[in-house]
Amino acid sequence: MNILVTGGAGFIGSNLVKGLLDRSDIQLVRVLDNLSTGSLQNIEEFRGDPRFEFVEGDIRNYATCLEACQGIDAISHQAALGSVPRSINDPLTSNEVNVTGTLNLFTAAKETGVKRIVYAASSSTYGDHPGLPKVEDRIGNPLSPYAVTKYVNELYARVYATTYGMQLIGLRYFNVFGPKQNPKGPYAAVIPLFVKAVLDNEAPQINGDGETSRDFTYVANAVQANILALTTTNTEAVNQVYNVAVGEQTSLNQLFESIKGLAGSDLAPQYGPERRGDVRHSLADISKAKDLLGYQPEVSVKDGLKTTFDWYRSKHHFAYS
């Protein structure tokens, strides 16, 4: 298979590239990334592999998408502007990248005969639906522009599948974390921020009372789900949306205590206001992905946190960028 990974120089994308190149049935992994949030450092280790190809370009450019899709069998679409706060501060750019960029890619794939697209969806799609655990066919109203963009991706995928006979599989990620997740910048995710805080011995700020909870998911589990979705031969598994998580709930307070324990730190966090657009609690039902894709998350939150903490610590207090 020849695979295109959009956003392949980013956090999840670069971990996925490694997972694909570790397989003998993959002939080519082409990465398309504009490096706005990704990094050349994330893909440096692949440069010597003759099956790896890097294209610097933006999914907002349709001609770029068309060119990147040439000779490709399947696409893993990871390119997006993440972060709820970023989308609240700049909804136009989030829409341009996440909606227009995705539509460009879906259309380019249609025009070039790409057989299958696996795209990064989001647990933010559940919005204000109060039910726990989250089940794929029960969603509420979106709570942020980011959530709207990711839901629109799912709607377009459904229409492209029925209208053009394409195979599209959406993976609703639940708070993915792990090595190569950038701790810098105003929209950094909570786990790298907490790790950075304890390594720098600076108290982090927790939004709200710290009892907000998430289904934190180590990146290797997301990579597994992507590869299963790209390669499945189960006809019932295509044109579906799946939760990608571990099915466990962890509060921000519990998370910080775990990271403190790994560091041997006695830091106390500072508490601030709740973040706009945030869901209070999140927990995934992963039975659909297990049943149709054969997904079995192999790395627990505890083990994933230790691996992640050790990786960041090895980077000498975040010289990594």
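Let me start with a question: which residue in strand 5 does A74 stand opposite? The residue is R116. I'll come back to that pair once the sheet is on the table.

Some housekeeping. What you're looking at is a predicted model, so local features need a pLDDT of at least 70 and side-chain atom pairs count only at pLDDT 80 or more, while totals for chains, interfaces and linings use all residues. Residues are numbered from 1 along each chain as its sequence is written, and side-chain values use heavy atoms, with hydrogens and water left out. When I say helix or strand, I mean DSSP runs numbered from the N terminus: H or I of at least four residues for helices, E of at least two for strands.

Seven strands make an open sheet in the order 3-2-1-4-5-6-11, and the pairing is parallel. Pairing here means that DSSP finds at least two bridges between two strands. At the edges sit strand 3, residues 52–56, and strand 11, each of which pairs on one side only. From one strand to the next, the twist averages 20 degrees. For angles, axes are lines fitted to C-alpha atoms, for helices over the stretch in contact, and the values run from 0 to 180 degrees between N-to-C directions.

Now look at strand 4, residues 74–77. Strand 1, residues 2–6, runs parallel to strand 4, and four bridges join the two. I3 has A74 as its bridge partner, and T6 has H77. Strand 4 also pairs with strand 5, again parallel and over four bridges, and that's where A74 stands opposite R116. In a regular strand, side chains alternate between the two faces of the sheet. In strand 4, A74 and S76 point one way, I75 and H77 point the other way, and all are buried. By buried I mean under 20% relative accessible area; exposed is over 50%, and partly exposed is in between, with a 1.4 Å probe and protein chains only.

On to the helices. Helix 1, residues 11–21, lies across strands 1, 2, 3, 4 and 6, at about 165 degrees to strand 1. Ten of its eleven residues are buried, so helix 1 is largely enclosed by the rest of the structure. L20 is one of those buried residues. Leaving out residues up to four places away in sequence, L20 touches I3, V5, I26, V29, I227 and L230, where touching means heavy atoms within 4.5 Å.

L20 also turns up in the largest nonpolar core, which has 64 residues; L20 and I259 have the most contacts inside it. A core here is a set of buried Ala, Val, Leu, Ile, Met, Phe, Trp, Tyr and Cys residues joined through side-chain atoms within 4.5 Å. Helix 8 gives the most to this core, with seven residues. Apart from it lies another core, of 26 residues, including L81, L105, V114 and A161.

A161 takes us to helix 6, where it is among the buried residues. Helix 6 lies across strands 5, 6 and 11, at about 155 degrees to strand 5. Its buried residues pack against those strands and also against helix 4 and helix 5. After helix 6 comes G165, with a positive phi near 70 degrees.

V238 is in the loop between helix 8 and strand 11, and is buried at 13% relative accessible area.

Last one: T217, in strand 10. Buried or exposed? T217 is buried, at a relative accessible area of 0%. A polar atom of the T217 side chain lies 2.8 Å from the backbone oxygen of F174. That's my tour; questions welcome.

Terms used. Polar contact = N/O pair within 3.5 Å; in protein donor to acceptor, adjacent residues only side chain to side chain.
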